[in-house]
Amino acid sequence: MHLTTVEKIELGLKEQETDNPAFGEKDSDEQPQLTVNVGEPHTEALEENVDKGVDLVYSLNDRPPWYLCILLGFQHYILAFGGIIAVPLILAEPLCIKDNNAAKSQLISTIFFVSGLCTLLQTAIGTRLPILQGGTFSFITPTLAILALPKWQCPAAKPPVMLSMQLQNSTNALQMESSDEVWMSRMREIQGAILVSSLLQIVLGFTGLVGFVLKYIGPLAIAPTINLIGLSLFIEAGKKSGGHWGIAALTVCLILLFSQYLSKVDVPMIAYKDKKWKVFQYPLFKLFSALFGMCGGWLVCFLLTIFDVLPSKSDEYGYSARTDISLDAVTNSPWFHVPYPGQWGMPTVSVSSVLGMMAGVLASTMESIGDYYACARLSGAPPPPTHAVNRGIAVEGIGCILAALWGTGNGTTSYSQNIAALGITKVGSRLVLQTTGILMIVLGIFGKFGAVFITIPDPVIGGMFLVMFGMIAAVGISNLQYVDLNSSRNLLILGFSTFSGLVLPTWFHSNPGIIDTGIKELDQVIVVLFTTHMFIGGFFGFILDNTIPGTDKERGINNWRDKVQEGSKNMCDQSCYDIPFCNRVFKRFRCFQYLPFLPSYETNQ
């Protein structure tokens, strides 16, 4: 199939004119699995609804051939890989499993497994857009604040008592059991916090309050919130990179090389079509920049380890760059491990943890709403109606509850980098993302697969963190493009909220025990909230933006909403957002007209 000239779209994808035989012809066999056939989509009509006229090979309801679904599904999996695996690696130290490779392997398997489940849920009954769900950095900041409380500090390592072989064996067994309880008790606290706080997201979605909340949240509240997610993680990036700054710098350079300098370089690929082999151009470096950068740094560390260039003693600088430190994780991990709810025990709930985690829930919600509109533009769908947005947020809340029950130590949110891939591949099919969800579940069960990634040296991970966390901070700043930055009002709000989000948590960390109200639970609530950077920044930004007088144009409200809902004037068939197999039931009973998360609600308002 010939691809016509593709104009540059919002997410920064390049202009190209290419003949791509890899995609083959559309599969005409319609099967009633997970998706609903709403009629044969017309490419020319869909062009009007995609931002700046993107031509799609497969739009939302199309069914690519099975082999293409697997290939593109694996590509989405690789794109999300860096963001998903970063979560358990960040949490390893505060959870006290820095040296517990078996626990880290189980966490990695669990988060991939749950991400697959949540992706299937979102694409089947949520927004029904081709959007991938995975771990979110919005939950990392409150999680670190919770685990920084004095009662969750990691115990000091104690050397085993060497009395006799029998006593040593029993001591080691007890130490293993107690060390598991040490990290599992912390995990259960995080599970409980996410479990309860995610109910807020479900309520916002199912009651339709998302639209009401959005009226009062503008760029000046969102910018410092997301910006501080990235800025607050600089210590984690520094710890990992500090193991060997040379390797970390190499990883950063490789990622920059592939993602920026070589982004416009297409690699010749070979495909078989119409009974003959054809050569086509493919943006390989742009799609897999993070993966290539990580693998390049990993390979260099492997070669330096093989040739014994890196030090072999753990107390010497550069030792953490070796690739043979955690090989026992691969050999000792089971071939198959099926994650299950409650595998770490019954979640525990405390008020301070729940309130702190709610800041992460709100930040994740705001981020996802913008992703829905971007995804719709790039997948050949009309802008999502109110009921689809409400249902998508509610399903994300359900996904966070599943993540809490399984014990990933994190929640779930939509992944922006996978939305960008839709524009590059010109494949916006829902079925491709459902294939990705299945792949994530299968690979999450395969225990050895998760264990392999533990052997990635810390400096390589640190290099990835430097780029990823910097990008998160920059995404927050990018929201200011809608705001009048010549206004002293806006500059004051932005500067004060961002600076306060850095100062207050740092002061509280430097003065532990300074809060003493006489009520232990209240002390914990205050400490968790005031050590969560994004809560401080978002709170001050929200309050000041809504109380200091200013016009909607000055605040950037009008520009922001117009951009988010761009293209909404184009009338198009919105049945692609309907819940499969349920339309007749919803239309038959009048009561469904008043539920803001059902398709019948939108058509009757």
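**Entry 1**

I started with the second largest pocket, which holds about 980 Å³ of space. I was looking at a predicted model, so I kept that in mind from here on. Which residues sit closest to the centre of this pocket? I found L144, A148, L149, Q153 and H509 there, out of 36 residues that line the pocket. Next I looked up which elements give two or more residues to the lining, and I got α4 (140-147), α8 (234-241), α19 (488-510) and α20 (520-530). The largest share comes from α19, with five residues. I also sorted the lining by residue type: 20 are nonpolar, 10 are polar and six are charged.

**Entry 1: the whole chain**

Then I stepped back to see the whole protein. I noted 25 helices and four strands. The chain has 605 residues, and 54% of them count as buried. I also checked how far along the sequence the contacts reach. Taking contacts between residues at least 6 apart in sequence, I saw that 82% join residues at least 24 apart.

**Entry 2: helix α9**

Which residues of α9 are buried? My list reads I247, A248, T251, V252, L254, I255, F258 and S259. I looked down the axis of α9 and saw these buried residues fall within an arc of 160°, so they line one face of the helix. On the other side of α9 I noted Q260 and Y261, which are exposed.

**Entry 3: helix α13**

I ran the length check again on α13, residues 351-378. Its 28 residues should span 40 Å at 1.5 Å a residue, and the end C-alpha atoms are 41 Å apart, so this one agrees too. How many residues of α13 are buried? I counted 22 of the 28, so I wrote "mostly covered" beside this helix, since buried means under 20% relative accessible area. After α13 comes G380, and I wrote down its positive phi, near 75°.

I noted R128, with phi near 65°, and D308, with phi near 55°. Where do they sit? I found R128 in the loop between α3 (101-124) and β1 (133-134). D308 is in the loop between α11 (289-306) and α12 (327-332). Are they buried or exposed? R128 has 1% relative accessibility, so I marked R128 as buried. D308 has 52%, so I marked D308 as exposed; the cut-off for exposed is over 50%.

**Entry 4: L422**

I moved on to L422, which is in helix α15 (residues 416-425). Its relative accessibility is 0%, so L422 counts as buried. What does L422 touch, leaving out residues up to four places away in sequence? I wrote down H76, P130, C375, L378, V427, G428 and L433. I also checked L422 against S59: they are 363 residues apart in sequence, yet their C-alpha atoms are 9.8 Å apart in space.

**Entry 5: T225**

T225 lies in helix α7, residues 219-231. I got a relative accessible area of 11% for T225, so it is buried. Leaving out residues up to four places away in sequence, I saw T225 touch A363, M534 and G538.

**Entry 6: G556**

Last stop was G556, in the loop between α22 (552-555) and α23 (557-564). Buried or exposed? G556 is buried, with a relative accessible area of 0%. I listed P219, Y482 and V483 as residues that G556 touches, again not counting those up to four places away in sequence. I also looked at G556 and D484, which are 72 residues apart along the chain, and found their C-alpha atoms separated by 6.7 Å.

Key:
Residues are numbered from 1 along each chain as its sequence is written. This is a predicted model: local features need pLDDT of at least 70, side-chain atom pairs count only at pLDDT 80 or more; totals for chains, interfaces and linings use all residues. Side-chain values use heavy atoms; hydrogens and water are left out. Buried means under 20% relative accessible area, exposed over 50%, partly exposed in between (1.4 Å probe, protein chains only). The arc is that of the directions from the helix axis to the C-beta atoms. Contact means heavy atoms within 4.5 Å. On a 1 Å grid over the protein atoms alone, a cavity is a set of points where a 1.4 Å probe fits but cannot get out, and a pocket is an open set with protein on both sides within 12 Å along at least five of seven lines; lining residues have an atom within 4 Å of a point. Grid points are joined across faces, edges and corners, and a volume is the space filled by probe spheres set on the points. Ala, Val, Leu, Ile, Met, Phe, Trp, Tyr, Cys and Pro count as nonpolar, Asp, Glu, Lys and Arg as charged, and the others, Gly among them, as polar. The expected span of a helix is 1.5 Å times one less than its number of residues.
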